[in-house]
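We will go from stop to stop, selecting a few residues each time.

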Amino acid sequence: MERAQEHVSTGGAGGRGPGSEEAGAALELLVHGVGGTTPEQMLDDPRTVRITGDDIAAVFRRADDADAESRPAEHRGRPVPEAYVWCNLTSGNGTRALWLLLLPFMVVNLAHWMRPTARGRRRTVRLYGLLVRLAGLTLTVLLVAAACEVALELAAWQCAGTRACAERHSWLGFLSPDVSEGGWWSRPGRRLVVAALVPAALTTLLWYLSHRTWSAYESQEPMSRTAEPEEETGRTALGRPGFWYGRRLVARLRAAHTAAGLLTVAAAVGTSAARFDHRPGGPVLLDVLGRLLEAALAAAAVGVVWVVCRRGRSEHRLDRELDRHLVRRLPLTALALLVLAAVYAGWERPGWQSSGRLVGGGTTFAGIALAQGALVIALGVVARVLHRAHPDRRAAMRGLGGPAVAMLACALGGVMSGGVSQRVADWLDGTGSSILGPPVLLTWQASVIPPLIILLLVLSGWLARRAWLLRRLELAAVERDYPDEPQDATRTRRIARIRAMATLTDRAPLLVAVTSAATLLLGAAALVGAMTTGRTPGEAARHTYAVVESAAETAQALGSWLIGLGFILFVTWGRRAYKDPSARRTIGILWDVGTFWPRAAHPFAPPCYAERAVPDLTWRMATWTRATGGRLVISGHSQGSVLAAAAAWQLTPAVRKRVALLTYGSPLERLYGRWFPAHFGPAALSALHHDVDCWRNLYRPTDPIGGPVRLPGDCGPEVDREALKDPLAYGRTARHPLPAPILGHSDYQADPAFAEERERLLGRLRPGVPVQQRPQEDSGRSSA
């Protein structure tokens, strides 16, 4: 295997494989899609060898093809297949199921990349990125604030301060003044200091995971290159040399978010004691120290916001620098303030007792909700301005996809925070009468979940009806596609139903728009209700109309139950994925789609596998074409087609012209082009089409993910082949004596069209260093 690796990587001692140019050496680089597979399945051979790579991601060949460059005569007329296997980047071991807890961070990071297309509006684009980064910062503060709510208020303040609750939970006994008979740790401030270890540990864990996953996934540098005179990267940022290497920004944001988490804990501990010291007649020294601590915390918070507001990614060059002083000093400063806050809060204060709710908890959650709503609205205004400057009729939600997804990220964060608080409160309370529970706002937010679910059920019913009507239309289309076959009503209905269900993917923008708008309005109503009444919905509706009171109590009880059930299902799903490989693979599929993009808005999001996969593919294609001068077809299925396109953009123009692209079941336009128009819009895909030697795309009407590329003008026929028939045979034939399956999104290689298009692409490519295409060659592309 070592001999194969050395030979394939270098192309022989002379830099070019023996006879490769004369024989027209051809390579087919296969890239699998969502869910992953094995190299044996991709290459259709039980004997495979790894020729380059490691246990995380690698390139494989058949054992018989390991040294194909040294035997060109044996491979004349057929390409040498290679398989790039990257599934372990997203679905390797069970601990990655814990990334489910980072779901809100991943979603807000997606919003960063969903901005509309913009040309010549750099300041507006920067403002869009700034607003998304600030929304991501509020999610970090929200998560840590929820941990403070659970540990400091519910456990240390309310439960430990109530005899009945503390006796029921013996592990809190040393913090209870009644159970411990006035022990040293039972003072309110010292109880808060002990409880602060939980949110501080959570913040430290998030920092560690972000740093460790960056080292494992995103530390691979792309191929260093300089932009050539003929290269145009303005049409998509994915072709910029530094796009897939965001080390500097991630490190800076990691420091800022870590500091924000520690400052949130310090504020929860220190300001509680400071409010007691600010009372009239209190100790002057402690009062002054409290005010100084509050001023220091405010100044540090301003510093964190300033770091987040600084310019974002450096994409036009490979940025290897690191703001070492900032990355180290900012978290250490926040940690020092947390230690000072702990010392200050732990000071002896006669007369300070815990009663009611911890002061400031409800105000904190209300301020976070208000800030998130304002940021989402501002983001919507900026996105609308960008979209109107350069309208794209295919863009999801007319350019408002990013703000809508950012709203959903905030809603996910609120649901997870409220679910944890409500479940812990119910667990600690037991009888329901010993502690007051979480802030009123969280109860109001839980109460709006039932009407939101009702709205979604109505929308789902409407979509189901649309699919049923479309199924009736597809019945006639199926009969036209198989005109000479004896009709089978059951078979026809099944094919039509699958085709109709596949179109539901195109309705996703409507579902996201309705959910996001409803969440924003209901969240605003919950905030107003909590701030104006100061009571739970059931208590606020008392002595009103019987219908209103009953609806409020029902929504409150049902919402609390639903949010708790959702959180429990969330946790159990993660535990099951830790033990069950099949469930772990399912969760890995979620990350295949959600973690393609670099961490530009939130450093605690799950790692970006493309920052490893795209450089891998770029290096492989560039080194092989340079070593052999041969022909190369990169063949990508599903998400693999997105990786293939991103890698092709990273090649130099000279190498890109030696490459042909074959995509099948590809979401390049159907999903990425609509949701990420600035990076996969019509201009970007048209540029890719004209930069590579040739490009063909296969899709099926039964595929819910893949679709046509839909390039404008005369580009379309060159790329998209007519929709493939699925199934290949309607009934039993001599070639298909058993009923042919409906393949949908899988097994495109089983269709004869796949081999036909691959041969066409190989026939167009020429061995050796290509020359600039002549006009007549370019005009002949439509025949490919």
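Is arginine 123 buried or exposed? Select arginine 123: it is exposed, with a relative accessible area of 76% (buried means under 20%, exposed over 50%, partly exposed in between, with a 1.4 Å probe and protein chains only). Before moving on, note that this is a predicted model, where local features need pLDDT of at least 70, side-chain atom pairs count only at pLDDT 80 or more, and totals for chains, interfaces and linings use all residues. Residues are numbered from 1 along each chain as its sequence is written, and side-chain values use heavy atoms, leaving out hydrogens and water.

**Stop one: the end of the tour's salt bridges.** Next, select arginine 499 and aspartate 481, whose side chains meet in a salt bridge at 2.7 Å, N to O (a side-chain nitrogen of Lys or Arg within 4 Å of a carboxyl oxygen of Asp or Glu). Arginine 499 lies in helix α17 (residues 489-502) and aspartate 481 in helix α16 (residues 449-481), so the pair ties together parts 18 residues apart in sequence; helices are DSSP runs (H or I, at least four residues), numbered from the N terminus. Arginine 499 is buried at 5% relative accessibility, while aspartate 481 is partly exposed at 28%.

**Stop two: a network.** Now select Arg696, Arg721, Glu756, Glu757 and Arg760, which salt bridges link in a network. Within this group, glutamate 757 pairs with arginine 721, their closest N and O atoms being 2.5 Å apart. Glutamate 757 counts as buried, at 0% relative accessibility. Glutamate 756 also meets arginine 721 in a salt bridge, at 3.5 Å, N to O.

Definitions and conventions: Helices (H or I, at least four residues) and strands (E, at least two) are DSSP runs, numbered from the N terminus.
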